[in-house]
Amino acid sequence: MEIIINKDAPSGSHAAARVVAKLIREKPDAVLGLATGSTPLILYQELIRMHRDEGLDFSAVTTFNLDEYVKVPPDNEQSYSYFMWENLFSQININPENVHIPNGMATDIPASCAAYEQAIVQAGGIDLQVLGIGSDGHVGFNEPTSSFASRTRIKTLTRQTVKDNARFFGGDESQVPHHCITMGIGTIMDARMNLVLAFGANKSRAVAATIEGPVAAVIPASILQHHPCTRIFVDEPAAAHLKLADYYRWVYDNKPAWQRV
Ligand code: GLP
């Protein structure tokens, strides 16, 4: 794991955007795994700016989103599909045919999940997966005790996640769906690179457990310790409980320029 402590969320998000942009410039038909939530918003804004000002070309890029609510149609503002079109896809030159988001409206959910996994394989696998972290250490919607071998499937949200996400539903917990479809942890571990973003004090416990805790299914993100290429961008508040924070800063400050992002 490479831990990069940034002074704030914008600087961390811009650094992550440079990693994404570098991949797309080197491999124009890159396959990106994308996340929703408030965390990646600045990253997406920066990618939109790079597209507009620097000609960053998404025309051959393929995307697979991590997750989606069950029984929330794509035209509903709370759906992750709506979120992605609103906050990224409508503002870049992505080919809509190359956009993949789990289908929460599928009548046969297991078949739809299997087809999603198959589509990832057919696309050549995910080159770079963007991840946020839930306050309970979840990635995608892989809640605590999710199998490290899991693939795309239906999951039930924890009460904590329902509570956390109520802010997107006018603060009304009763409006938050209890079921979702999410890529599995096995799916995420197959990505060639993972970029994890975590900002704010409410993520500091999950961040510390992910990076410095034992690898355990109760903190799903901790499995990333076993991933060969994971970069974690945090801001100072999210880094507050990292015991080795000074070491991570020292390592990054002493990297040769070509190794930095
Ligand atoms: C949500 C999403 C995750 C996201 C996480 C954190 O429930 N399913 O993909 O990373 O929880 O959300 P936020 O970035 O809003 O804190």
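How far is an oxygen atom of the ligand from an N or O atom in the side chain of Arg167? I looked that up first, and I got 2.6 Å. A reminder to myself: this is a predicted model.

**Entry: what the ligand touches**

I then checked how covered the ligand is. Taken alone, the ligand exposes 380 Å², and the protein buries 95% of that.

Next I asked which residues are around the ligand. I found 14 of them, and the closest include Arg167 again, along with Ser38, Thr39, Asp67 and Lys203. I sorted this shell by type and got seven polar residues, four nonpolar ones and three charged ones.

A nitrogen atom of the ligand is 3.1 Å from a polar atom in the backbone of Gly140. An oxygen atom of the ligand is 3.0 Å from an N or O atom in the side chain of Asn165.

Where does the ligand sit? I looked at the pockets, and it sits in the largest one.

**Entry: a closer look at Asn165**

Asn165 got its own page. I placed Asn165 in helix 5, which covers residues 159-165. Is Asn165 buried or exposed? It is buried, because its relative accessible area is 11% and the limit for buried is under 20%.

I also picked a partner along the chain. Gln175 is ten residues away from Asn165, and their C-alpha atoms are 9.9 Å apart.

I found Lys71 in the loop between strand 4 (67-69) and helix 3 (80-87). Lys71 counts as exposed because its relative accessibility is 57%, and the cut-off is over 50%.

Thr145 was my other find. Its phi is positive, about 80 degrees, though Thr145 is not a glycine. Thr145 belongs to the loop that runs between strand 6 (128-131) and strand 7 (153-156). I checked its surface as well: Thr145 has a relative accessible area of 57%, so it is exposed.

Key. Residues are numbered from 1 along each chain as its sequence is written. This is a predicted model: local features need pLDDT of at least 70, side-chain atom pairs count only at pLDDT 80 or more; totals for chains, interfaces and linings use all residues. Side-chain values use heavy atoms; hydrogens and water are left out. A residue is near a molecule or strand if one of its heavy atoms lies within 4 Å of it. A polar contact is a pair of N or O atoms within 3.5 Å; within protein, one must be able to donate a hydrogen and the other to accept it, and residues adjacent in sequence count only if both atoms are side-chain atoms. Accessible areas come from the Shrake-Rupley method with a 1.4 Å probe; for residues, only the protein chains shown count as cover. On a 1 Å grid over the protein atoms alone, a cavity is a set of points where a 1.4 Å probe fits but cannot get out, and a pocket is an open set with protein on both sides within 12 Å along at least five of seven lines; lining residues have an atom within 4 Å of a point. A molecule sits in a cavity or pocket if more than half of its atoms lie within 2 Å of its grid points. Ala, Val, Leu, Ile, Met, Phe, Trp, Tyr, Cys and Pro count as nonpolar, Asp, Glu, Lys and Arg as charged, and the others, Gly among them, as polar. Helices (H or I, at least four residues) and strands (E, at least two) are DSSP runs, numbered from the N terminus. Buried means under 20% relative accessible area, exposed over 50%, partly exposed in between (1.4 Å probe, protein chains only).
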